[in-house]
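Hi everyone, thanks for making time.

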Amino acid sequence: MSTPDVSPRSLNRLSIYLRCLRQLQAKGIDRISSRQLAHEFDLSAAQIRKDLAQFGDFGVRGVGYRVQELADSLSRLLGLDQGHPLIIVGMGNLGSALVHHIGFNQGAFRVVAAVDRDPQKIGLDLGSVEVAAFDDLERVVRESGARIGVLAVPPEEAQAGYDALVEAGIAAVLNFARQRVRPRPGTPLKNVDLRVHLEELAFLLQSSAPA
């Protein structure tokens, strides 16, 4: 299977397709067409075919896709056939919640470490992990085998936290801080700002309101 340059939106759609296919597997459905898949989950059949065509031939015209085969192929394509241990930086309300978030502790993803600067939080047992000192970040990354860092720190600490994760050997970073940071070459970064989505909804509500 080839892996061409793919836009973030295409990758997002591949993740959606995979979740839909896993739901079909749970229902015992063995084969499905792009049209049926689109109808079942309110997707676009043409977009499904276009996205999948970037990576090779899937399915048979007039017959459809084998659900498990396509799901497994997408899983490998997205790198979900291997583990991605996570370390969370910042044990405030958000960081503590993320430690227990099912999406961070399911399938390929597992929270294996957590760090904080606050002396009162260092040593806390959070069930699956014990909070370590931020100053020990390099050792914690090395010993835990963490590959993805998750920033849940105040905005003013985001850049320093990202830089520290990169220097400690982390391969990619997910940033929940309300501050965009400057990425370094070779270390992918995704910024997650929930307020941006709320502001989009606010705009849509305003534009759809009666005059």
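**Helix packing**

Helix 1 and helix 2 are roughly perpendicular to each other, a label for angles of 65 to 115 degrees, where under 35 is roughly parallel, over 145 roughly antiparallel and the rest oblique. Their packing angle is about 95 degrees, with the axes 11 Å apart. On the helix 1 side the contact uses Cys20, Gln23 and Leu24, and on the helix 2 side Leu37, Glu40 and Phe41; contact means heavy atoms within 4.5 Å. By class that gives four nonpolar, one polar and one charged residues.

Quick housekeeping: this is a predicted model, where local features need pLDDT of at least 70 and side-chain atom pairs count only at pLDDT 80 or more, while totals for chains, interfaces and linings use all residues. Residues are numbered from 1 along each chain as its sequence is written, and side-chain values use heavy atoms, leaving out hydrogens and water. Helices are DSSP runs of H or I with at least four residues, numbered from the N terminus. Axes are lines fitted to C-alpha atoms over the stretch in contact, with angles from 0 to 180 degrees between N-to-C directions.

Next, how do helix 2 and helix 3 pack? Helix 2 (residues 34-41) and helix 3 (residues 45-53) sit at an angle of about 120 degrees, axes 8 Å apart, which makes helix 2 oblique to helix 3. Ser34, Arg35, Leu37 and Ala38 of helix 2 meet Ala45, Ile48 and Arg49 of helix 3. Sorted by class, that contact has four nonpolar, one polar and two charged residues.

Then there's helix 1 with helix 4 (residues 67-77): about 145 degrees, axes 9 Å apart. The contact divides into ten nonpolar, three polar and two charged residues.

Last, a side-chain detail: the charged end of arginine 117 sits over the ring of phenylalanine 134, 3.9 Å from its centre (the criterion is CZ of Arg, or NZ of Lys, within 6 Å of the ring centre and within 35 degrees of the ring normal).

How values were computed. Helix = DSSP H or I, 4+ residues; strand = E, 2+ residues; numbered from the N terminus. Nonpolar A, V, L, I, M, F, W, Y, C, P; charged D, E, K, R; others polar.
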